[in-house]
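Morning, everyone. I have one structure to go through today, and I will keep it brief. Please have a look at it first.

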Amino acid sequence: MKFKGRVWKFGDNIDTDAIIPARYLNTSAPEILAIHCMEDADPGFAKKVKRGDIIVAGKNFGCGSSREHAPIAIKAAGVSCIIAKSFARIFYRNAFNMGLPIFECLDLWERVSEGERIEVDGEAGFIVVMNSNTEPFRIHPIPPFMQELIRDGGLMKHLSKKG
Amino acid sequence: MGMTITEKILLQHTDIGEIHPGMLINARVDIALGNDVTAPIAIEEFKKAGGKQVFDRHRVVLIPDHFTPNKDIASAQQCKILRNFAKEQEITHYYEIGEVGIEHALLPEQGIVLPGDLVIGADSHTCTYGALGAFATGIGSTDLAGAMMTGEAWFKVPETMKVIFYGHPGKWVSGKDLILHLIGLIGVDGALYRAMEFTGETVEKLGMADRFAIANMVIEAGAKNGIFIPDEMTKEYVKSRAKRPYTFYSSDPDAAYSEVMEIDAGKIEPQVAFPHLPSNVKGISKVGDVKIDQVVIGSCTNGRIEDLRVAAGILKGRRVAPYVRLIIIPATQEIYRTALREGLFEIFLDARAVISPPTCGPCLGGYMGILADGERAVATTNRNFVGRMGHPGSEVYLANPSVAAASAILGRIAGPDEL
C-alpha cells in the first residue's frame with residue numbers, strides 16, 4: 001500500500017469546519033463536497049489539488065465535529081492520504097471507515113515543503129521525501145485487516161463484501 | 001487495581017472479564033443517535049450493506065435538529081430521508097417539528113439517555129450525556145450505520161484524566177466558564193483520546209445544566225468522553241424522566257488516572273474564548289473593547305431553562321444596544337414552554353430580542369443568524385472556528401449566558417457587573 005504525491009501543508013488544529021464548512025452539509029454527495037474541500041483553510045485548494053496528492057498537517061487534524069463529510073470531501077478531492085502530527089479521535093476513526101488512509105508522524109512536517117513529492121509506504125511503515133537526501137521517516141504500518149478495509153473502499157463496503 | 005466509572009460502564013457492556021486502558025473492545029450500545037446531517041449517510045450505508053431492520057427500534061434515536069425547520073430544499077430532502085426511515089422502522093424516538101429540540105438537551109430531558117448507559121451518537125457533542133454518569137461519545141455516520149445493524153460498536157478503552165474543581169465560584173461563573181478555563185489550560189488536544197472525569201467540592205454543588213455544559217465541551221479538548229459521578233442531584237433529575245432501569249456507577253478510590261488536575265474555581269472569572277479556537281480564552285476583565293454585531297443565546301451547550309433565566313435576569317428592564325441583534329434559542333419545546341410560562345419571553349421581547357424555535361441553526365453556521373464578513377458575535381455555543389457562524393471573515397466569541405446578555409445590552413463584550 002504505497003502512495004506517491006505532491007505535498008500540501010496545513011498547520012495545527014485544522015478543524016472540520018475548515019475542511020468542509022457546515023454551509024455545505026445539506027448534502028452528502030462526494031462530488032459536491034469535493035468542490036468545497038478545505039475551503040475555509042485554503043480557498044483555492046479544491047482547484048489546485050491533483051489526484052494522489054498528500055496533505056501534511058500539524059497536530060490535532062480534524063478536530064471539531066463528527067461529520068463524515070470531512071474525510072469524504074478530502075477523499076473525493078483526490079487526496080491519497082494524510083500525514084499529521086496527530087489526529088482528533090473522531091476524524092481518525094471516520095477516515096479509516098471511509099477508506100482514507102492516515103498516518104501519524106511527528107517529524108515530517110518540519111522537514112518537508114509544500115509542493116515536494118513524497119512516497120508513503122503504508123506496509124513497510126516509512127515515508128521518503130523524493131529527490132532529497134533526508135532520512136526516511138518511520139510511521140506505524142497499517143495492519144493487514146485495515147489495508148483490506150481501505151482497498152475495499154471503507155468499513156461498510158468491506159463488511160458487505162465479507163457478507 | 002480499582003476501576004474508573006468510564007471503565008466500569010464499558011466493561012458492563014461487554015462479555016469479557018476485565019478491561020484496561022488501551023484495550024480494543026466490542027461493546028453493546030444502549031442508545032445510537034443520529035441527526036439530519038449525519039443520519040442520512042448512516043441510513044444509506046445501512047441499506048447498501050443489506051440492512052433490513054435496526055437492532056432495536058426503541059434504541060435507535062433520530063433527531064432532525066440541525067437545519068430544521070427545514071432551511072432549504074436540500075435540507076428538506078435530508079429530513080425526508082430521516083422521516084421515511086423512522087416510519088419504515090417504526091422508530092420510537094423520532095421527533096417531528098413541534099416536539100423536536102436540540103438533541104443533547106432533548107435526550108436527557110425526555111429520559112432517553114440515563115445514568116450507566118453506553119451511548120454513541122453521530123454528533124461530536126454526544127459527550128454531553130456524561131453529565132448523567134453515562135459513557136457517551138461522538139462517532140461518524142458509518143459507525144452509526146454499523147451500530148444500527150448490530151447494536152454494537154468497537155472502542156479503544158480510554159485512559160482517564162481526573163479534574164478536581166475546588167473552591168467557591170463567583171456569582172457569574174458557570175459550568176461554561178469552568179470548562180472554557182480548563183480548555184484554555186490544556187489546549188484543544190489536551191485530552192486527546194482520553195476520558196475526563198470531573199469531581200471535587202465545586203462539581204458536587206453544580207446543578208445539572210452546568211454539568212451538561214461542562215460535559216458538552218470536553219470534545220473541544222479532544223476528549224473521548226467527559227463524565228460525572230452520579231449523585232443526589234442526578235437522581236432528582238432522572239427519577240421523573242426515566243422509563244427504564246438505570247445504574248449509578250462510581251470510580252474506585254484506587255482507580256488509575258493518567259493525570260490529575262486540581263483547579264481553584266474561586267479564582268476563575270467569567271471566560272471568553274476569542275477567535276478562532278475554544279482554547280483561546282481570556283478572563284472577562286482582560287477582554288478590552290470588542291464591539292459586537294450579534295449575540296446568540298442557545299445551543300446544546302447553553303440553551304437550557306437555567307441559561308435562559310440567567311439571561312432574562314440581566315435583560316429585564318433593559319434594551320439591546322442599537323444595531324446589535326440578539327437571538328435567543330430555547331433548546332427544546334419544553335424549555336420554550338417553561339420560558340413562556342415564567343414570563344421570560346416578555347422580558348426578551350421588551351429587550352428587543354428575537355426568539356427562535358429550537359434548532360442548532362446558527363451555532364454551526366447553518367441558518368437563523370448567519371454572520372457577514374467582518375461581523376462579530378458573542379455566543380453561548382461551543383465552537384469559534386473560522387467561518388463557524390457564517391462568513392469566513394466573521395468572528396465568534398464564546399461565553400456564558402450572563403456575559404452574552406450583558407454584551408447584547410452594551411454592544412461590546414462585557415460582564416454583567418459593568419451594567
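This is a predicted model: local features need pLDDT of at least 70, side-chain atom pairs count only at pLDDT 80 or more; totals for chains, interfaces and linings use all residues.

Chain A has an open sheet of seven strands with mixed pairing, and the order is E4-E3-E2-E1-E5-E6-E7. At the edges stand strand E4, residues 102–104, and strand E7, residues 137–138; each has a single partner strand, so one side of each has no neighbour in the sheet. Further in, strand E2, residues 54–57, pairs with E3(A) in the parallel sense, over four bridges. A:Ala57 is opposite A:Ala84 in E3(A).

Now the residue, A:Phe87. Its place is the loop that runs between strand E3 (81–84) and helix H5 (89–97) of chain A. Is A:Phe87 buried or exposed? A:Phe87 counts as buried, because 25 C-beta neighbours lie inside 10 Å, and the cut-off for buried is 20 or more. Leaving out residues up to four places away in sequence, A:Phe87 touches A:Phe61, A:Gly62, A:Tyr92, A:Ile102 and A:Glu104. As for A:Met38, 49 residues away along the chain, its C-alpha atom is separated from that of A:Phe87 by 16 Å.

Last, the contact between the chains. Chain A contributes 33 residues and chain B contributes 40 residues. On the chain A side, the elements giving two or more residues are helix H1 (16–19), H5 and helix H8 (155–162). H5(A) provides the largest share, five residues. By type, that side of chain A divides into eleven nonpolar, 13 polar and nine charged residues.

That is what I have; questions are welcome.

Key:
Residues are numbered from 1 along each chain as its sequence is written. Chains are lettered from A and ligands numbered from 1 in the order in which they are written. A residue is buried if 20 or more other C-beta atoms lie within 10 Å of its own, exposed if 12 or fewer, and partly exposed in between; C-beta atoms are placed from the backbone. Two residues are in contact if their C-beta atoms, placed from the backbone, lie within 7 Å. Ala, Val, Leu, Ile, Met, Phe, Trp, Tyr, Cys and Pro count as nonpolar, Asp, Glu, Lys and Arg as charged, and the others, Gly among them, as polar. Two strands pair if DSSP finds at least two bridges between them.
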